[in-house]
Amino acid sequence: MDQNLRVPGPTPLPAEVREAQAAPMIDHRGTEFGEMLREISAGLAELIGTQGDVLLLTGSGTGALEAAVVNTLSPGDRVLGVTIGAFGDRFIKIATAFEAQVDRFEVDWGHAADPAVLAAHLATNPAYRAVLVTHNETSTGVTNPLHELASVVRNAPDEPLLVVDGISGLGAMPFEMDDWGIDLVVSASQKAFMASPGIAIAALSQRAWNATETARMPRVYWDLAEARKWAEKGQTPWTPAVSVAFGLRVGVRRLLAEGRERTWARHAAIASAVQAGLEALGLVLVAAPADRSQTVTAAWLPDGVEWGPFNAAMRARGLIVAGGQGAWVGRILRFGHMGGVGIDAMCEAVRVMGETLAEHGRSADADAAVRVMREAFEARQAAPVG
Ligand SMILES: Cc1ncc(COP(=O)(O)O)c(C=O)c1O
């Protein structure tokens, strides 16, 4: 049975990506690899709106979060960790492990950070060396207003570095690294870029590079200055995930061919269709409309529906969604819609979820939910991009 993989990463691989990833191995110190590395980095830079360097690292997104911390900070540095969920907590955990002095700017799960409250915090506390922010909090399906938060951080005392976890948003949602004044952002191949897991992405501003020169946290594998030195020669310091790079090149080419604004509009239209469909099934969404993510939707599990058997029943029908994380295990389900997503696969997923809910004693009309989804999708497709 084919799986309808709707977890918020890894995302389904388009056939073209799968074929590329099956290509014969090449020398990672040869010209062919060098050309591929340069093409992917340049393409990513265009997609995220930067003239700066975009580095490809071998590892998952968490490795790039660690790289972001250890390359820009020193033990004892005052850092503000903006956390709205499990991944914001992870960023803080990493900075704390490397002995930054981290203050938590904590927002209740299910909500976005408020720029005015962040501004007040920054104005009334001693200056920070860096502010860590998650763009899209995958554990709750909430997107932070990053452009506004960035402008608050840019105006804060002593100009802290703005270091962003863009793992589940980059490539799918509006993002203007240079215009918004982001110093460092990371992501990973298995999210909107439609490739297998294995390559982490790190983009740095000049201010971030300046910070690497004085940062004293220990680093070897994740040394970004070393990665940049090798990237200039078309190589990576350590053996790269070559097959993933073959796939990532195709993913990046597909996104460039679609065009950033159209990709963002497609994700927005799919997200509003999924939200409408789940609500039509009687589910209550976690996030308020203004905070809802365009790449992952979280909904409360209805009373009386137990995650274990419900999830098993969906999986038996080929639908793979994610459950909750941390304190929200068994309380929510999460539905991913990033990368090469199209409306038909999403409608099919919501239909299967509706039929499974009906089997679990809920009154859910799957056909009606799918109709609502298609209407919501078409309404958004017709709306101007923005
Ligand atoms: C926002 C965010 N941060 C960090 C991570 C961790 O990335 P990885 O699992 O690739 O290490 C994820 C993965 O889902 C994520 O969505």
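Strand S2, which spans residues 53–58, gives the most to the lining of the largest cavity, contributing three residues to it. The model in which this cavity is found is a predicted one, and the cavity in question has a volume of about 90 Å³. Its lining consists of Leu56, Leu57, Thr58, Tyr221, Trp222, Asp223, Ala227, Thr236, Pro237 and Trp238. Sorted by class, that lining has seven nonpolar residues, two polar residues and one charged residue. In total, the structure holds four cavities of 30 Å³ or more.

From the cavities we turn to the ligand. Here 13 residues surround the ligand, and the closest of them are Ser60, Thr62, Thr138, Asp165 and Lys191. The class composition of this shell is two nonpolar, eight polar and three charged residues, to be set beside the seven nonpolar, two polar and one charged residues that line the largest cavity.

Which atoms of the protein lie at 2.6 Å from a nitrogen or an oxygen atom of the ligand? For the oxygen atom, a polar side-chain atom of lysine 191 is found at 2.6 Å. Glycine 61 takes part through its backbone, with an N or O atom that lies 2.8 Å from an oxygen atom of the ligand. The protein covers 87% of the 390 Å² of accessible area that the ligand has on its own. The elements that give two or more residues to the shell around the ligand are helix H3, covering 61–72, and helix H4, covering 86–97.

A further part of the model to follow is a sheet. Three strands form this open sheet, arranged in the order S11-S14-S13 with antiparallel pairing. Its edges are strand S11 (296–300) and strand S13 (322–323), each of which pairs on one side only. Strand S14, made up of residues 332–336, pairs with S13 in the antiparallel sense over two bridges.

Definitions and conventions
Residues numbered from 1 in each chain as written. Predicted model: local features only at pLDDT ≥ 70, side-chain atom pairs only at ≥ 80, totals over all residues. Heavy atoms only, no water. Near = heavy atom within 4 Å. Polar contact = N/O pair within 3.5 Å; in protein donor to acceptor, adjacent residues only side chain to side chain. Areas by Shrake-Rupley, 256 points an atom, 1.4 Å probe, with all protein chains shown as cover. Helix = DSSP H or I, 4+ residues; strand = E, 2+ residues; numbered from the N terminus. Nonpolar A, V, L, I, M, F, W, Y, C, P; charged D, E, K, R; others polar. 1 Å grid on protein atoms, 1.4 Å probe; cavity = no way out; pocket = protein on both sides within 12 Å on 5 of 7 lines; lining within 4 Å. Points joined across faces, edges and corners; volume = space filled by probe spheres on them. Pairing = 2+ DSSP bridges.
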